[in-house]
Amino acid sequence: MEHLRSVNDLVIRFANVNGTGSASANNMFAKAVFRMGIPVSPKNIFPSNIQGLPTWYEVRINEKGYLGRREGVDVMVCVNPQSLPRDVASVKKGGYFIYDNTKRLHPEYIREDIHYIGVPMTGLTMQHYNEPRQRQLFKNVIYVGALSALLDIEMEVLHGIIADQFRGKEKLIAPNLKALDLGYQHAKNNYACPLEVRLERRDHVKDCILIDGNTACGLGAVYGGATVAPWYPITPSTSLVDAFEKYARKFRIDPETKKKRYAVIQAEDELAAMGMVIGAAWNGARAFTATSGPGVSLMSEFLGLAYFAEIPVVLVNVQRGGPSTGMPTRTQQPDILSSAYASHGDTRHVLLFPSNPKECFEHTAMALDLANRLQTPVIVMSDLDLGMNDHMSPPLSWDDSRKYDMGKVLSADDLEQIEQFGRYLDVDGDGITYRTLPGTHPTKGAFFTRGTSKDEYARYTEAGDAYVRNVDRLLKKFKTSAKLVPPPELYQKKNHSKHGVIFFGTTTYAALEALDLLKEQGLEMDALRLAAYPFNEAVSEFIDEHEKVFVIEQNRDGQMRTLLINELEVFPKKLIPVLNYDGMPITADRIEQLILQSFPEEKMEVHVQNGMN
Amino acid sequence: MTYIKPKFRHPELPKNDLGYVKSDYEGAISTLCAGCGHDSISAAIVQSCFELSIEPHRLAKLSGIGCSSKTPTYFLSNSHGFNSVHGRMPSIATGANMANRDLIYLGVSGDGDSASIGMGQFVHAIRKNVNMVYIVMNNGCYGLTKGQNSATTDLGGFSKAGGLNHYPAIDLVSLAIEMGATFVGRSFSGDKNQLVPMIKAAIAHQGFALLDVVSPCVTFNNKAESTKSYDYVRAHLEATSTIDYVPEKEEITVSYEAGMSALVEMHDGSVIQLHKLAPNWDPRDRFSAVRRLQKAQANGEVLTGLLYIDPESKDMHELEQTVDVPLNSLREAELCPGSSVLERVNAEFR
């Protein structure tokens, strides 16, 4: 029988039951690979459920550093009888199926083209542990132990992780080590270890960290100076505010009074969460909230108020599959348009598109500055994959000389110098006007903030010309913001191909890998990664300089493509959508296939070339 | 109708402790209908702030949408104001309060704004005990959209645009007491003697202070049979007590008959003096308040006065254990943990 063979290049999938403590064992596995210096990309594929339903953890290990998802499972660790038929079927020909053989596998699940490795996980726990909960938990550690023998994971690395994990709870270390050893010995004594699919220490991780985007965003909010964080629970954004609170509790307690230099407020709904952000930001605090698609819908009325009344609010949208409740535990990039144009009337909002945890950190901190500078909502567009899965990322960094930008806020002294304060008077010609905070000056600078139309002095008016002056200035301000948001990343010094690709966010991993795959086939393309909306000039230049531009994104309707067409007045046929929207992160193979479909002739040439070789 | 407010002020107008005259607390000319109850409430707010010598810029006024929510334009023009979104003022006030605990927050709303579209935010602001005064100008109808029924319209009431109302009225004070509100009062726009001290006490209260003020809509809901009309309220007004608000520095000199008065000491040392108390009535007792309200409702009375107060009230900042200084005053040194800490955080993820 065929054997898959590879060193540091595999996809391993764990099939578990939700709520059985498998996550920590699976994390231990991924971290061990990472600590062996090998790039790793784990993904949780979980149900909208707390206990009992199937859940998977898929880890791609790739020493070239490709971190996108890849189709096909080389090694399956199946601990869940519920999903067994599916799990058996998903293993690649020549791959390995590791299962609990305490009970014999039904013959209908025996495939001739894969290898079966039985580890009596339940049997071993029954034999060695007394408490039912322990039996359930250590079953997971046993398979990690077995994998350590089968894939050649360094045992000291696993020991180190357990020591870190149970620091302060040392008595839990010994039973964990025992479970590791039980699995290890069983594999060692019954199978030829390691398998032909295996790992080997490398030095490819360097100073990178393995962290999820939500934690990085939460840290970004702490570092960016957010003090008021109202929120409402919604997957997949909940862990973002949790992370903010965790680190704020660590780093933001007044040493003398032990009181908090922050407030995390669980609101009654997303409307109220956004209302509280608006109130706090209006009053001069740096405030933010996090939500997902349904929350953005609920916040839309308020986002319009913040746009029109010019309040610096920050929102992190951790996108998930829509519409409606959609696929609440699966990933997509489906809120590009609903975020860019959220609310009724003519509105446009600044969007940032982080593509890895380091950028999650930076964009969240930057959003707090940008929102205050621009006095408008800034939305950080993360997604479930980025937010909830661990990603290998460059370390987070902070420049200690950095000052928080509070934007154009007048002090009492400033007000003394001004003859007449006009809240909406465009003094600098950039569309950004000066504001005052409540409580600044006893007799000067007070004004009425409102969602209704007003003149330059914040006086209510229904005069058409004043309204037009105001909304035109808002448009001017939006143009100014294009110069302040992060520029796109270009992957070539000079464009050299006829065709280009555009991508953003978590699509980046798979897109970069696809570019390499296409290059191997003789199709070299220029690439641009969007980092923000509004688009700056580099984006329109890139599109102008190419014949065809593929826009790769993870939604059905090609929303970023629509936004590009609408904002840059591009000929629609020039932008070719490359889409994935099944709720799983897009793969390089899919991108490659879809792009090749657009080049029937080139594809033929490539085939001919391959045939000649 | 007057369009311009004269700027002339008599040099001998009385001044408060800060040297301000009452007109320093006024706002633009009202554009509400002549005789609107809301304008009387605005005047009572002006009077209260003047008498309490509040620095106008130390107060922020917030509102939702509707006739009532327009009023912040008509008082305290030296205070920052925020006329927000229909029914959503409570969340904005909550956020504002979290950002700066040092200001006084005065929220103005109406029965449509609070009892219908904003009911969720209203009760949650109560539950969180946001330190603010929350005035509902309650006229039992939607004025700005021309007289539809509201959630506080009388059952069986008949409005100009809404027709016959089949649904029971929501009683905001009972609801607030039920929700755990720490200061609940009801008054009448036409009773300034009662309303002014109640506004002052509400400002002194450390926590959410609800004032449900019956405020007749002269255009759409002022027929004598409406419980929100001038005639009805005057005929059926039943005060639980009369109330004096005594700032800390003033000595209390008047004494009342035993059993007929109560002193409630406030968080800041000031005192609410209740006298001519209704029998079997203790405004510090939630049960007695609920009982009395239900009785009044059964009798068709409009029960006014301070209905419930918890002098031990802990506001949201106290519950959340936030620092004593306003969060909006904190800067990099207090907020940013710095790069060396970040290095340690990075290490946790390796």
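This is a predicted model: local features need pLDDT of at least 70, side-chain atom pairs count only at pLDDT 80 or more; totals for chains, interfaces and linings use all residues.

Student: Why is S189(B) called buried?

Tutor: A residue is buried if 20 or more other C-beta atoms lie within 10 Å of its own. S189(B) has 25 C-beta neighbours inside 10 Å, and therefore counts as buried.

Student: Where in chain B is S189(B) placed, and which residues does S189(B) touch?

Tutor: S189(B) sits in the loop between β9 (183-188) and α7 (192-204) of chain B. Leaving aside residues up to four places away in sequence, S189(B) touches G37(B), S40(B), I41(B), V213(B), V214(B), S215(B) and P216(B). Between the C-alpha atoms of S189(B) and C49(B), which are 140 residues apart along the chain, the separation is 17 Å.

Student: What makes strand β6 (residues 91-100) of chain A mostly covered?

Tutor: Of the 10 residues of β6(A), 7 are buried.

Student: How do you know that β6(A) pairs with strand β5 (residues 73-78) of chain A?

Tutor: Two strands pair if at least two bridges are found between them. β5(A) and β6(A) are joined by 5 bridges and run parallel, and they thus meet the criterion. One of the residues concerned is M76(A), whose bridge partner in β6(A) is F97(A).

Student: Which sense, parallel or antiparallel, has the pairing of β6(A) with strand β7 (residues 115-119) of chain A?

Tutor: That pairing is parallel and extends over 5 bridges. Here Y99(A) has G118(A) as its bridge partner in β7(A).

Student: What makes the unit of β5(A), helix α2 (residues 84-90) of chain A and β6(A) right-handed?

Tutor: A crossover is right-handed if, with the strands pointing away from the viewer, the path from the first strand over the helix to the second runs clockwise. The β-α-β unit made by β5(A), α2(A) and β6(A) is of that right-handed kind.

Student: How many bridges join strand β22 (residues 548-553) of chain A to strand β23 (residues 575-579) of chain A?

Tutor: β22(A) and β23(A) run parallel and are joined by 5 bridges. V549(A) has L575(A) as its bridge partner in β23(A). From β22(A) the chain passes through helix α18 (residues 559-568) of chain A to β23(A), and the β-α-β crossover is right-handed.

Student: Why are β12 (288-291) and β21 (532-533) of chain A said to stand at the edges?

Tutor: They belong to an open sheet of 5 strands in the order β12-β13-β15-β14-β21 (chain A), in which the pairing is mixed. Each of β12(A) and β21(A) has a single partner strand, so one side of each is left without a neighbour in the sheet. Between β12(A) and strand β13 (residues 314-319) of chain A there are 4 bridges, and these strands run parallel.

Student: Which strands of chain B form an open sheet with antiparallel pairing?

Tutor: The 3 strands stand in the order β12-β14-β13 (chain B). The edge strands, β12 (242-246) and β13 (262-265) of chain B, each pair on one side only. From one strand to the next the twist averages 20°. β12(B) and strand β14 (residues 271-275) of chain B run antiparallel with 5 bridges, and the bridge partner of D244(B) in β14(B) is Q273(B). α7(B) packs on the sheet, touching β12 and β14 of chain B, and its direction makes about 45° with that of β12(B).

Student: How many residues does each chain bring to the contact between chain A and chain B?

Tutor: Chain A contributes 57 residues and chain B contributes 51 residues. The largest share of the side of chain A that touches chain B, 9 residues, comes from α9(A). By class, that side of chain A has 32 nonpolar, 14 polar and 11 charged residues.

Student: How do you know that β17(A) pairs with strand β2 (residues 80-83) of chain B?

Tutor: At least two bridges are required. β17(A) and β2(B) are joined by 3 bridges and run parallel, and R450(A) stands opposite N83(B) in β2(B).

Technical notes: Residues are numbered from 1 along each chain as its sequence is written. Chains are lettered from A and ligands numbered from 1 in the order in which they are written. A residue is buried if 20 or more other C-beta atoms lie within 10 Å of its own, exposed if 12 or fewer, and partly exposed in between; C-beta atoms are placed from the backbone. Helices (H or I, at least four residues) and strands (E, at least two) are DSSP runs, numbered from the N terminus. Two residues are in contact if their C-beta atoms, placed from the backbone, lie within 7 Å. Ala, Val, Leu, Ile, Met, Phe, Trp, Tyr, Cys and Pro count as nonpolar, Asp, Glu, Lys and Arg as charged, and the others, Gly among them, as polar. Axes are lines fitted to C-alpha atoms, for helices over the stretch in contact, and angles run from 0 to 180 degrees between N-to-C directions.
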